[in-house]
Amino acid sequence: MTQTLPTPRGALTPNRPLADLTWLRVGGPADWLFQPADEQDLADFLAALDPAVPVFAMGVGSNLIVRDGGIRGVVIRLGRGFNSIEIAGETVTAGAAALDAHVARRAAEAGLDLTFLRTIPGSIGGAVRMNAGCYGSYVADHLVSVRAVARDGGLLDIPAADLALAYRHSDLPPGCVLTRATFRANRGEPAELAAKMQDQLARRDASQPTRDRSAGSTFRNPAGYSSTGRADDSHDLKAWSLIDAAGLRGHRLGGAQMSEKHPNFLLNADGATAAELEALGELVRDRVRESSGHDLAWEVIRVGEP
């Protein structure tokens, strides 16, 4: 593969372990890890890269299990050249590598309400891909457009309406890498927005294992969501309650554990491997299916080879 890869301005590292780049601290190496210098560097690299070489865009690893065998091809991880936050009027444009929490704080300081992003782990690129949301607000409610680099190196400007945003879902072109997103936000008083975020943080810390090694919610809630991703309370059913009813709160397999505090959080409690984490997740899915008839879908993304 060495001969087929272009030479970028950014960092291109062969056989790079990925465990330290994920919140769960598991996973084997990528054949190559590419950290582009800027958008043009990314575009030039993808344009010159053999189309047969697989590409995987990775954020900060907050919602990811990399399997123990690692990832074949090129893993792309955006860094400092992609974390800008710009505010103009009622719009906020953030680089895909900007942390959700940072965007929420910067917007609030400017009197713009994107407070729902404050407690979402990860970066803007992942938030758009998953139509992330909490406390009744979703990316779909605020997103105006995104910028991306296509797998062939072309630059794409995509209106939000073309992404078909749904519950934990977006229709992004295969192989493309998000580079920035523009949001529209309502006005608010900075002090009130700051207080709102503090309240959200307190509620999160009271109900979720924020001090443990997890990747956030493990499974999607099984039903009751509209096409935009907004919860429909008349059919609201939570994954955690199904896991709890199946008797799996705190259940362990090797070093992996379902949280005692919130049973929809899969934890690396004691040096778990990716195989143990995934096996525990599949055990949970089987038991919930047996006990309730509901088929839980993974929210945590699993990639790579065993």
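Analyst: Arg 285 is buried, at 16% relative accessibility. This is a predicted model. The side chain of Arg 285 forms a salt bridge with Glu 282, at 3.0 Å from N to O. Both residues sit in helix α6, three residues apart, so about one helical turn separates them. Glu 282 is partly exposed, with a relative accessible area of 25%.

Glu 282 also meets Arg 302 in a salt bridge, at 3.7 Å from N to O. That pair links distant parts of the chain. Arg 302 counts as partly exposed, at 27% relative accessibility.

Now take another pair. Asp 295 and Arg 289 join their side chains in a salt bridge of 3.0 Å, N to O. Asp 295 is partly exposed, with a relative accessible area of 49%. Arg 289 is partly exposed too, at 33%.

These pairs belong to a bigger picture. Arg 67, Glu 278, Glu 282, Arg 285, Asp 286, Arg 289, Asp 295 and Arg 302 are linked in a network of salt bridges. The structure holds 18 salt bridges.

Arg 67 forms a salt bridge with Glu 278, and their closest N and O atoms are 2.9 Å apart. To place this pair, look at the domains. The chain is divided into domain 1 (11–80), domain 2 (82–191) and domain 3 (211–303). Across the interface of domain 1 and domain 3, one salt bridge is found.

The C-alpha centres of domain 1 and domain 3 lie 26 Å apart. Their contact takes 13 residues from domain 1 and 19 residues from domain 3. Together the two domains bury about 1400 Å², with 58% of it on carbon and sulfur atoms. Leu 24, Ile 65 and Arg 67 supply 46% of the area that domain 1 buries against domain 3, more than any other three residues.

One last stop is an aromatic pair. The structure holds two aromatic pairs. In one of them, the rings of Phe 219 and Trp 298 have centres 5.0 Å apart and planes at 55°, so the pair is tilted. Phe 219 lies in the loop between β15 (214–217) and α5 (239–245), and Trp 298 in the loop between α6 (274–292) and β19 (301–303), so the pair ties together parts 79 residues apart in sequence. Phe 219 is buried at 1% relative accessibility. Trp 298 is buried as well, at 8%.

Note on methods:
Residues are numbered from 1 along each chain as its sequence is written. This is a predicted model: local features need pLDDT of at least 70, side-chain atom pairs count only at pLDDT 80 or more; totals for chains, interfaces and linings use all residues. Side-chain values use heavy atoms; hydrogens and water are left out. Rings of Phe, Tyr and Trp (its six-membered ring) pair if their centres lie within 6.5 Å; planes under 30 degrees apart count as stacked, over 60 as edge-to-face and the rest as tilted. Helices (H or I, at least four residues) and strands (E, at least two) are DSSP runs, numbered from the N terminus. Buried means under 20% relative accessible area, exposed over 50%, partly exposed in between (1.4 Å probe, protein chains only). Domain bounds come from an automatic or database domain assignment. Contact means heavy atoms within 4.5 Å. Buried area is the accessible area (1.4 Å probe) that two parts lose on being put together, summed over both. A salt bridge is a side-chain nitrogen of Lys or Arg within 4 Å of a carboxyl oxygen of Asp or Glu.
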